[in-house]
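The sequence and the structure come before the description.

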Amino acid sequence: MIVRWGIGELPATLREVGIEQPFVIASPRWQSLEVRHVDWWSEVPSAEVEVPENADGVVAIGGGSAIDTAKYASAQSGKPVVHVPTTYSGAEWTTFYGIRSPDRVIRGGGAGAHPVAIVYDVDLTLDLPLDVSAGTALNALAHCAEALYAEGRKPEGDDEALAGARLIAAALPRVLEAPHDRDAREELLRGAMHAGHALGIAGLALAHAMAQALGGTYGIPHGAMNALCLPPALEFNRAIVPAEVRLFGDAVGGDAVERSRELARLGGFERLRDFGVPEGDLPAVADAASKRAGNQANPRPASAEEILSMFRSIY
């Protein structure tokens, strides 16, 4: 993967990967960047997108929704995609994606995108709302934790995960206290870069399966759900892979479960009920989460009953 820093590097990066006529997927707010394009798709997220025949590649500018939409377009068309992430989601490093309707309800998913480059720019994150900053950063932190014990774990993924966890845990409180602190934002973005790389190497596990089942059912922000689901998932996994969970705790500066919960609360994420999730739906959502790939890649897949207990602990 080619990685560059600074939006000014985008034209050269596109030339480097052979994209001369890009199809841009981004919300209207990013049109001020004046990226050269053959067409601009601004419905983000979208369950229906087609790459024009005269486009030779895709550019995504935005958070996980824009990037997933672009990966869907890339997979369908077979054309390469360059990502310009404006949040900390980490979606820019993977080939798989979720397909959501404009109201953010999950409509499907798949794999087979062709990401070839990423361009990071700290200045694009300076006005990111605090709830989105915290949610996507905690999503990135979950990538770090899960890379240490997911089925696809590799030594190089461990290195990326631990580097990301240290940076995120240190920088997120600073960003929440001073959102326009450019140094803190850069540290957080670099942490998210490492987290995304770890995700691309190792894949997902239990916390993400739980978060995806909740977010996809109710259109709730994925980052917020990861913030709530990571602590109980870590508690569950501590009994199975204690050394790996302890390693993550060392990286974030404390007990893995309690430090993750502390950061979630700092970001404003307290309970599932705060997001309007009906308590009576929890058994069905737990059953759906138990069948997701992330749970199957956990060191020991959790049963639907165990996931239900975890959901109730954060309800």
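## Basis of the description

Contact here means heavy atoms within 4.5 Å, and helices (H or I, at least four residues) and strands (E, at least two) are DSSP runs numbered from the N terminus. This is a predicted model, in which local features need pLDDT of at least 70 and side-chain atom pairs count only at pLDDT 80 or more, while totals for chains, interfaces and linings use all residues. Residues are numbered from 1 along each chain as its sequence is written, and side-chain values use heavy atoms, with hydrogens and water left out.

## Helix α9 and its surroundings

Helix α9 covers residues 256–266, and its buried residues (under 20% relative accessible area, where exposed means over 50% and partly exposed lies in between, with a 1.4 Å probe and protein chains only) are Ala-256, Val-257, Arg-259, Ser-260, Leu-263 and Ala-264. These buried residues pack against four helices, namely α3 (130–147), α4 (155–177), α7 (222–238) and α8 (242–252).

Just after α9, Gly-268 takes a positive phi of about 95°.

## Helix α3

One of the partners of α9 is α3, which has 18 residues and reaches 26 Å from its first C-alpha to its last, close to the 26 Å expected at 1.5 Å a residue; the expected span is 1.5 Å times one less than the number of residues. Because 15 of its 18 residues are buried, α3 is largely enclosed by the rest of the structure.

## The α6–α7 pair

Two packed helices are described by the angle between their axes and the distance between the axes. Helix α6 (residues 206–218) packs with α7 at an angle of about 145°, the axes being 7 Å apart; axes are lines fitted to C-alpha atoms, for helices over the stretch in contact, and angles run from 0 to 180 degrees between N-to-C directions. The contact is made on the α6 side by Leu-206, Ala-207, His-208, Met-210, Ala-211, Gln-212, Leu-214 and Gly-215, and on the α7 side by His-222, Met-225, Asn-226, Cys-229, Leu-230, Ala-233, Phe-236 and Asn-237. These residues divide into 10 nonpolar, six polar and no charged, where Ala, Val, Leu, Ile, Met, Phe, Trp, Tyr, Cys and Pro count as nonpolar, Asp, Glu, Lys and Arg as charged, and the others, Gly among them, as polar.

Within α7, Cys-229 has 0% relative accessibility and so counts as buried. Not counting residues up to four places away in sequence, Cys-229 touches Ala-207, Met-210, Ala-211, Leu-214, Phe-311 and Ile-314.

## Helix α2

The 14 residues of helix α2 (residues 64–77) should span 20 Å at 1.5 Å a residue, which agrees with the 20 Å between its end C-alpha atoms. Helix α2 is mostly covered, 10 of its 14 residues being buried, and the buried residues include Asp-68, Lys-71 and Tyr-72. The buried residues of α2 pack against the strands β2 (22–25), β4, β5 (81–85) and β6 (97–100), and α2 is followed by Gly-78, whose phi is positive, near 80°.

## Loop residues

In the loop between β5 and β6 lies Thr-86, which counts as buried because its relative accessibility is 4%. The side chain of Thr-86 reaches the backbone nitrogen of Gly-63 at 3.5 Å, and, residues up to four places away in sequence not being counted, Thr-86 also touches Trp-30, Ile-61 and Leu-128, among others.

The loop between β3 (39–41) and β4 (57–62) holds Ala-47, which is partly exposed with a relative accessible area of 25%. Leaving aside neighbours within four places in sequence, Ala-47 is in contact with Tyr-72, Ile-99, Arg-100, Ser-101 and Arg-107. Pro-45 is found in the loop between β3 and β4, and the peptide bond from Val-44 to Pro-45 is cis, with omega near -5°. Most residues other than glycine have a negative phi, and most peptide bonds are trans. In the loop between β2 and β3, Glu-34 has a positive phi of about 55° although it is not a glycine, and at 69% relative accessibility Glu-34 counts as exposed.

Methods: A polar contact is a pair of N or O atoms within 3.5 Å; within protein, one must be able to donate a hydrogen and the other to accept it, and residues adjacent in sequence count only if both atoms are side-chain atoms.
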